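Hello,

Here is the structure you asked for. Have a look first, then read my notes below.

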Amino acid sequence: MIIAWLLGAAMSASAHDLYPIRPVQATLRVEPDQIVADLRADSIIWIEDVTGLHPMPPRNWPAQTRAKVETYVNEHFVLTAGGKPLQGRLVEGRYRQFPWEVNEEGVFFLRMAYPPPPEGAMLGGSARFYEEYRTELQGELGANPLPFKDGYRTVVEIPGRRAATFTLTIDSPSFTAPAADSRRGALAMAFESLLRGAEQALGAAAGFPILIAIAFCLGAEAPRRAMVGLLLAAAAAGFVCGRFFAGPPWLIWAATLGASLAIGRRPFEAPLAAVAAAGLGAMWAGEARPLMPHSALALPAALVGALAIGAALLFLVWLGVRSEYRRLAEVSQTRVAELFARRARLTATILAMTGAYGLWQSLQR
């Protein structure tokens, strides 16, 4: 009976492609001149049913595609102020796909801007993302359970004076909150920016090969202060530039390739490591930009957060390099330099292959 039931469910579902559905993350910020909703969505539906682009560009979408995304969000994520619906405007849209992801895997980052709410108004909203797909699929499955049922949720975070989190579901798709409680001061927005910068430095997996390459460029001995200062200055300059000018998606992989080629080549280690650090800072800024509030302190706060976490990660990686050098010294005091150079060349080869593969993949998209 169990086998028969499973076969029946599979036959019912086979009439429709089963897309993986994951919750939409929305951060709602009430700022002095506008309301900003930062949406993060990971679903094939955004490509197949909304944009229709193959392959999906990481940014600089065509005007027609931006209009489709804006319309879809306004229809499925409705904000109200004082009971009146607000019309949202797509001010930025990005799509991120790592080289190891295939087909339509990836994440959409969308920033919607809305008019500011009147004083004393109640802020409300409702979300029904993927409603058409869910309705169609339910009709085909009948009494069978809906796949990815927990994915049809929208988690709304409002980091205001009184932070609130709402989980909107199929049965409870709306929320309300006082607009006054959703406003924030300058220090609160600066602190959030600091966290955003730290999050990107900590979570950007594409940046870890660069950290490894830079750690080997620093060597096994205590790094020179001038070298450390150069790296921090380069990363800070890249972050500032990346905050205002979006770098191409292949930049991080080109920086990885360049830094790997510098390992073991003394005259080129410092300049190429600095260039790689600048590329890393630009990537952090590009990832954090759609998530930062509109505040005068947003850029310096995010920069501090990113540099602090980036420096800590680099130090941990360098400790690993230093530990390997000490281990090799225990094997042979006389040949430790030769053995460590071999390890460095092997690491450089692996990182160069990683950078070349990532660069090739990025240029294909």
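Is F245 buried or exposed? F245 counts as exposed, because its relative accessibility is 63% (buried means under 20% relative accessible area, exposed over 50%, partly exposed in between; 1.4 Å probe, protein chains only). F245 sits in the loop between helix 8 (225-244) and helix 9 (251-262). Helices (H or I, at least four residues) and strands (E, at least two) are DSSP runs, numbered from the N terminus.

Two notes on the source. This is a predicted model, where local features need pLDDT of at least 70, side-chain atom pairs count only at pLDDT 80 or more, and totals for chains, interfaces and linings use all residues. Residues are numbered from 1 along each chain as its sequence is written, and side-chain values use heavy atoms, with hydrogens and water left out.

Now D38. D38 belongs to strand 2 (residues 34-41). D38 is buried, because its relative accessibility is 4%. Its side chain makes a polar contact with the side chain of R111 at 2.8 Å (a pair of N or O atoms within 3.5 Å; within protein, one must be able to donate a hydrogen and the other to accept it, and residues adjacent in sequence count only if both atoms are side-chain atoms).

Next, salt bridges (a side-chain nitrogen of Lys or Arg within 4 Å of a carboxyl oxygen of Asp or Glu). The whole structure has 16. R327 and E324 form one of them, at 2.9 Å from N to O. Both lie in helix 11, three residues apart, about one turn of the helix. Salt bridges that share partners also join R29, D38, R111, E192, R196 and E199 into one network.

Best wishes
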